[in-house]
Amino acid sequence: MERLMGGGVLQLLLASAGVLLLYRILVRLRPGAPLKDAVVVITGASSGLGKECARVFHAAGVRLVLCGRDAARLEKVVQELTASSTGSQKTYTPSTVIFDLADTDTVDRAAEEILKCYGQVDVLINNAGISYRGNILDTHISVHRDVMETNYFGPIALTQALLPSMIRRRSGHIVVISSVQGKIAIPYRSSYAASKHATQAYFDCLRAEIDRHGIAVTVISPGYIRTNLSGQRCHRGWL
Ligand SMILES: NC(=O)C1=CN([C@@H]2O[C@H](COP(=O)(O)OP(=O)(O)OC[C@H]3O[C@@H](n4cnc5c(N)ncnc54)[C@H](OP(=O)(O)O)[C@@H]3O)[C@@H](O)[C@H]2O)C=CC1
Ligand SMILES: CCCCCCCCCCCCCCCC(=O)OCC(=O)COP(=O)(O)O
């Protein structure tokens, strides 16, 4: 039993529980507005948590817009999702929008493209992110900038670009995947923890500002989940 629960199985259970929790929060916060047929945008949908969210929402009959930098990886996800459709629930072939969150100049164009897919966004899940490990003395300022571009400036630019259309409809839900490290800073994660603390603060402000427009904001703060994140972190070192 101990062996079974070690490693992959436990990680998969935790990841699935996280996604289920996210799904339940969304359903609960929008009573009377089931997710079926809703338009849900997921950034970083090509792997890890974003891909798992895409799987759950696709199966629930959501109209998905999947975002990432790599068209081929996203197309593979689309193929996997469409192949997994059982027929018991009407599902939609996901749309894809390719852009780099670290290039904030292109985010407005991406937001337009996202809106063109279905003419509206019901739920935006700001999930994409990169990690970082390294001691502060050896970390060049450019590393902090790189991590902030992807984890903070990109998501807030995308959110701001999509917000007016939500406000016009007086409807929408903005979700951001932060981290426990958005609340607690641990050693050797300065850029990552700072980007997640900034994310927490920005979206808390946003919640307070846009509640009167009927738009909800949720910050999710997961603990460790085994994905590609650590393997592809910005800098390596420091276990
Ligand atoms: N795994 C964990 O333990 C935890 C993760 N989180 C957070 O969950 C979120 C998802 O991470 P996770 O699934 O683990 O990581 P993955 O590395 O598996 O996925 C990250 C995703 O982000 C996308 N991405 C990365 N950089 C950019 C960019 N510049 N522009 C657009 N897309 C980008 C990648 O797409 P592509 O490379 O194809 O463009 C990929 O789809 C992150 O915000 C992370 O901080 C929070 C707590 C714990
Ligand atoms: C009474 C004092 C209690 C102190 C408790 C401190 C607990 C600290 C827990 C820290 C948990 C961190 C969870 C991080 C989740 C996350 O975002 O993981 C993603 C990564 O950072 C992955 O990158 P890494 O380089 O860490 O593999």
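Reader: Where is arginine 170?
Author: Arginine 170 sits in the loop between H6 and S5. Keep in mind that this is a predicted model.

Reader: What is phi of arginine 170 near?
Author: Phi of arginine 170 is near 50°, a positive value in a residue other than glycine. Most residues other than glycine have a negative phi.

Reader: And aspartate 37, what is its phi near?
Author: Phi of aspartate 37 is near 75°. That is also a positive value in a residue other than glycine.

Reader: Where is the place of aspartate 37?
Author: Aspartate 37 lies in the loop between helix H2 (8-29) and S1.

Reader: Why does aspartate 37 count as partly exposed?
Author: Because its relative accessibility is 28%.

Reader: Which residues of S5 point which way?
Author: Gly172, Ile174 and Val176 point one way from S5. His173, Val175 and Ile177 point the other way. All of these are buried.

Reader: How many bridges pair S4 and S5?
Author: Four bridges, in the parallel sense.

Reader: What is the strand order in the whole sheet?
Author: The order is S3-S2-S1-S4-S5-S6. These six strands form an open sheet with parallel pairing. The edge strands are strand S3 (95-98) and strand S6 (215-220), and each pairs on one side only. From one strand to the next, the twist averages 15°.

Reader: What holds paired strands of a sheet together, in general?
Author: Strands of a sheet pair through backbone hydrogen bonds.

Reader: How many bridges for S2 and S3?
Author: Four bridges, and S2 and S3 pair in the parallel sense. In S3, valine 97 is the bridge partner of cysteine 67.

Reader: Which strands does helix H6 lie across?
Author: Helix H6 (residues 141-169) lies across strand S1 (39-43), strand S4 (123-126), strand S5 (172-177) and S6. H6 runs at about 175° to S4. H7 packs on the sheet too, touching S4, S5 and S6. The direction of H7 makes about 160° with that of S6.

Reader: Now cavities. How many of 30 Å³ or more?
Author: The structure holds one cavity of 30 Å³ or more. The largest cavity has a volume of about 30 Å³.

Reader: Which residues line the largest cavity?
Author: Asn126, Ala128, Asn151, Pro155, Val176, Ile177, Lys196 and Thr199 line the largest cavity. H6, S5 and H7 are the elements that give two or more residues to that lining. By class, the lining has four nonpolar, three polar and one charged residues. Val176 and Ile177 also belong to the two sets that point opposite ways from S5.

Reader: And the largest pocket, how much space lies in there?
Author: About 1,100 Å³ of space lies in the largest pocket. Its lining takes 44 residues. Asn127, Gly129, Ile130, Thr227 and Leu229 lie nearest its centre.

Reader: Which elements give two or more residues to the pocket lining?
Author: Helix H3 (48-59), strand S2 (63-68) and helix H7 (190-210) do. H3 gives the most, with three residues.

Reader: How many nonpolar, polar and charged residues in the pocket lining?
Author: The lining of the largest pocket has 15 nonpolar, 20 polar and nine charged residues.

Reader: Different spot. Where is glycine 223?
Author: Glycine 223 is in the segment after S6. It counts as partly exposed because its relative accessibility is 47%.

Reader: How far apart are glycine 223 and serine 142?
Author: They are 81 residues apart in sequence. In space they are 26 Å apart, C-alpha to C-alpha.

Reader: Last, the whole chain. How many helices and strands?
Author: The protein chain has seven helices and six strands. From the N terminus on, the elements run α-α-β-α-β-α-β-α-β-α-β-α-β.

Reader: What share of the chain is buried?
Author: Buried residues make up 46% of the 239 residues. Of the contacts with a separation of 6 or more, 73% come from residues 24 or more positions apart.

Conventions
Residues are numbered from 1 along each chain as its sequence is written. Chains are lettered from A and ligands numbered from 1 in the order in which they are written. This is a predicted model: local features need pLDDT of at least 70, side-chain atom pairs count only at pLDDT 80 or more; totals for chains, interfaces and linings use all residues. Side-chain values use heavy atoms; hydrogens and water are left out. On a 1 Å grid over the protein atoms alone, a cavity is a set of points where a 1.4 Å probe fits but cannot get out, and a pocket is an open set with protein on both sides within 12 Å along at least five of seven lines; lining residues have an atom within 4 Å of a point. Grid points are joined across faces, edges and corners, and a volume is the space filled by probe spheres set on the points. Ala, Val, Leu, Ile, Met, Phe, Trp, Tyr, Cys and Pro count as nonpolar, Asp, Glu, Lys and Arg as charged, and the others, Gly among them, as polar. Two strands pair if DSSP finds at least two bridges between them. Axes are lines fitted to C-alpha atoms, for helices over the stretch in contact, and angles run from 0 to 180 degrees between N-to-C directions. Contact means heavy atoms within 4.5 Å. Buried means under 20% relative accessible area, exposed over 50%, partly exposed in between (1.4 Å probe, protein chains only).
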